[in-house]
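User: Please take a close look at one part of this chain and what it touches. Then connect that part to the rest of the model, and tell me where to be careful.

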Amino acid sequence: MALAQKYGLAVRAWLDPARQKVRARGLPVVDHDFLDSFRLELDGKAATYARLLREVPVGLSEWAVHPGLGDEDARATRARRLAGTADSRAQRL
C-alpha cells in the first residue's frame, strides 16, 4: 500500500469490500471483475483476444493474458495444467 500511496498506483483489490476500503484511502482500484484468459480455447485465441479487448468496459480493468506458441509442447503443457497436474519437469521427479 505504501508504494501505491507514494506513486498513485492502482492496488490489486478484487472483492467489493476491499475495493471500498482502498478507495476510501484515495487509491485507484479495478472497477470490474478480473479477466483471466487462461481457459480460452487455443484455436482462434488471437481473434478472441481482439474481441475481448473491444469489449473491455470503461474504467480500470485487470486482465491476465497467457500467450503461447500453440505448438505441440505448449498444448500438452496447457492440457496438464487444466487437468490440475504439474508441468513436465515435476512429473519426471
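Analyst: Strands here are DSSP runs of E with at least two residues, numbered from the N terminus. Ala 64 lies in one of them, strand 2. The model is predicted.

Start with Ala 64. Its relative accessible area is 18%. The cut-off for buried is under 20%, so Ala 64 counts as buried. Leaving out residues up to four places away in sequence, Ala 64 touches Phe 34, Leu 35, Asp 36 and Ser 37. Take Ser 37 from that list. Ser 37 and Ala 64 are 27 residues apart along the chain, yet 6.2 Å separates their C-alpha atoms.

Now Trp 63. Strand 2 spans residues 63-64, so Trp 63 belongs to it too. Trp 63 has 23% relative accessibility and counts as partly exposed. What does its ring pair with? Trp 63 forms an aromatic pair with Tyr 49. The structure holds one such pair. The geometry is edge-to-face, with 5.9 Å from centre to centre and 65 degrees between the planes. Planes over 60 degrees apart count as edge-to-face, so the angle settles the label. Tyr 49 sits in helix 3, residues 45-55, so the pair ties that helix to strand 2 across 14 residues of sequence. Tyr 49 is buried, at 17% relative accessible area.

Next, helix 2, which covers residues 16-24 and contains Arg 19. Is Arg 19 buried or exposed? Arg 19 is buried, at 5% relative accessibility. Beyond four places in sequence, its contacts are Ala 13, Trp 14, Val 29, Val 30, Asp 31, His 32 and Asp 33.

Then the nonpolar core. The largest one has six residues: Ala 4, Val 11, Ala 13, Val 22, Leu 27 and Val 29. Val 22 has a contact list of its own. With neighbours within four places set aside, Val 22 meets Met 1, Val 11, Ala 13, Leu 27, Pro 28 and Val 29.

Last, confidence. The chain averages a pLDDT of 80, and 83% of the residues score at least 70. Helix 2 has the highest mean among the elements, 91. Helix 5, residues 88-92, has the lowest, 49. Over residues 87-93 pLDDT stays under 50. For that stretch the model has six contacts beyond four places in sequence.

Key. Residues numbered from 1 in each chain as written. Predicted model: local features only at pLDDT ≥ 70, side-chain atom pairs only at ≥ 80, totals over all residues. Heavy atoms only, no water. Phe/Tyr/Trp six-rings, centres within 6.5 Å; stacked < 30°, edge-to-face > 60°. Helix = DSSP H or I, 4+ residues; strand = E, 2+ residues; numbered from the N terminus. Buried < 20%, exposed > 50% of the residue type's maximum accessible area, 1.4 Å probe, protein only. Core = buried A, V, L, I, M, F, W, Y, C linked by side-chain atoms within 4.5 Å. Contact = heavy atoms within 4.5 Å. pLDDT = per-residue confidence, 0-100.
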